[in-house]
Amino acid sequence: TLSTGRYEKTGKGKNQTTVFVETASFAVGDTVTIRATVLDETTGLPIPNATVSINITGPETVALATGPSDANGIAEATWQTQTPNKRGNGGTAPGSYAATTSDVSAAGYSWDGVETTMSFSLQ
């Protein structure tokens with residue numbers, strides 16, 4: 001499965017924690033975090049140390065690769081979008097985007113080839 005979101009800090013001082021908040025709407029300039037959950041098709045158990053290739057399509061195209069998945073099978077990739085300069089030039093184009101898996105790699109496993117897609121928007 002795929003999900004998009006951002007990390008947000010809550011609390012203060014020693015009680016401060018960082019939590020992942022799922023969302024499909026981002027402002028230009030935000031860091032978009034894409035989470036892929038990698039599971040064994042037969043057992044449904046998470047697969048650690050898997051990597052996922054993700055293609056982002058929309059007004060712009062970006063190819064990302066996750067780091068290795070954790071013990072829960074969660075692998076993450078981030079896309080740092082850019083705000084336009086003071087004159088309004090450049091920056092990441094706003095609009096609708098889709099993140100799609102293009103490959104999954106894990107020792108002892110072969111990917112079933114099923115693509116998963118998650119839509120999100122930049123405003």
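Colleague: Which residues of strand E7 are on its covered face, and which are on its uncovered one?

Modeller: First, a word on the source: this is a predicted model, in which local features need pLDDT of at least 70 and side-chain atom pairs count only at pLDDT 80 or more, while totals for chains, interfaces and linings use all residues. Residues are numbered from 1 along each chain as its sequence is written, and side-chain values use heavy atoms, with hydrogens and water left out. As a general idea, side chains in a regular strand alternate between the two faces of the sheet. In strand E7 (residues 74–80), the covered face holds Ala75, Ala77 and Trp79, and the uncovered face holds Ile74, Glu76, Thr78 and Gln80.

Colleague: How many strands and helices does the chain have?

Modeller: Helices (H or I, at least four residues) and strands (E, at least two) are DSSP runs, numbered from the N terminus. By this rule the chain has nine strands and zero helices.

Colleague: In which sense do E4 and E7 pair?

Modeller: Two strands pair if DSSP finds at least two bridges between them. E4 and E7 are antiparallel, with seven bridges, and Thr33 stands opposite Thr78 in E7.

Colleague: What is the order of the strands in the open sheet of five?

Modeller: The order is E3-E9-E8-E5-E6, and the pairing is mixed. Strand E3 (25–26) and strand E6 (62–65) are at the edges with a single partner strand each, so one side of each lacks a neighbour in the sheet. E3 runs parallel to strand E9 (residues 117–122), and two bridges join them; Phe26 stands opposite Leu122 in E9.

Colleague: Which residues have the most contacts inside the largest nonpolar core?

Modeller: In soluble globular proteins, nonpolar side chains tend to be buried together. A nonpolar core is a set of buried Ala, Val, Leu, Ile, Met, Phe, Trp, Tyr and Cys residues joined through side-chain atoms within 4.5 Å. Here the largest one has 23 residues, and Ile34, Ile54, Ile56, Trp79 and Phe120 have the most contacts inside it. Two or more residues come from each of E4, strand E5 (51–57), E6, E7, E8 and E9. Contact means heavy atoms within 4.5 Å; setting aside residues up to four places away in sequence, Ile34 touches, among others, Leu2, Ile54, Ile56, Leu64 and Ala99.

Colleague: Is Ala50 buried or exposed?

Modeller: Buried means under 20% relative accessible area, exposed over 50%, and partly exposed in between (1.4 Å probe, protein chains only). Ala50 is buried, with a relative accessible area of 0%, and lies in the loop between E4 and E5. Asn49 is found in the loop between E4 and E5, yet Asn49 is exposed, at 57%. Phi of Asn49 is near 65 degrees, a positive value in a residue other than glycine. Beyond its neighbours within four places in sequence, Ala50 is in contact with residues including Val38, Pro68, Ala75 and Ser105. Of the 123 residues of the chain, 32% count as buried.
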